[in-house]
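Subject: Structure for you to look at

Hello,

Here is the structure I said I would pass on. Please open it alongside this message; my notes follow below it.

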Amino acid sequence: MLRAPAASWWRHRELRRTGQTALAQRLERETVLRDLGYLKQAASLPNAHVICGEGGTFIYLGWTTVSSFAPIERFPLATLAVARGTPFIDIRPVTDVIAFANLPRVTRDGSDDSEPWGPGRSVSLITYIDMVEQLGVSITNDPRPRQSA
């Protein structure tokens, strides 16, 4: 699943077209290995998640973000991360973009700084999901503990 996008990247296609097949294959292999590293991080980091909105799809890995302007359906790395259990927050149904823009960011390390003010405000992924859920998002692989009725 990761090989096809690596091989279709314009630079790799151009290398193949000009006869530099070995270099293209090496670069494609490096791309796939890099993406596998992102998948491992997504599975192991406490606040890793995938989010998809009108601006594209983003994989948040703490200090690193991997993104595409495409929806998740056309971003194989994000699709694989979600298939492997990474939380997915689909914000495409959100209509109140002002409320969404005013939400805090997800903290990198799992801590919670839930002071109600300041531009550096950050919350845990669980708290963030509680907040965005009120805006009508769709959540897959919800990391919150299930509550019994």
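The buried residues of helix 4 (residues 76-83) are covered by elements that include helix 3, strand 1, strand 2 (56-61), strand 3 (64-68), strand 4 and strand 7. Helices (H or I, at least four residues) and strands (E, at least two) are DSSP runs, numbered from the N terminus. This is a predicted model, in which local features need pLDDT of at least 70 and side-chain atom pairs count only at pLDDT 80 or more, while totals for chains, interfaces and linings use all residues. Residues are numbered from 1 along each chain as its sequence is written, and side-chain values use heavy atoms, with hydrogens and water left out.

The buried residues in question are L77, A78, A81 and V82, where buried means under 20% relative accessible area (1.4 Å probe, protein chains only). They lie on the same side of helix 4 because they cover an arc of only 135° around the axis, taken from the directions from the helix axis to the C-beta atoms. Just after helix 4, G85 has a positive phi of about 110°.

Helix 3 (residues 21-44) and helix 4 have axes that come within 10 Å and cross at roughly 35°. Axes are lines fitted to C-alpha atoms over the stretch in contact, and angles run from 0 to 180 degrees between N-to-C directions. D35, Y38, L39 and A42 of helix 3 meet L77, L80 and A81 of helix 4, with contact meaning heavy atoms within 4.5 Å.

In helix 6 (residues 125-133), the buried residues are L125, Y128, I129 and V132. These cover an arc of only 100° around the axis, which puts them on the same side of helix 6.

Regards

Terms used: Buried means under 20% relative accessible area, exposed over 50%, partly exposed in between (1.4 Å probe, protein chains only).
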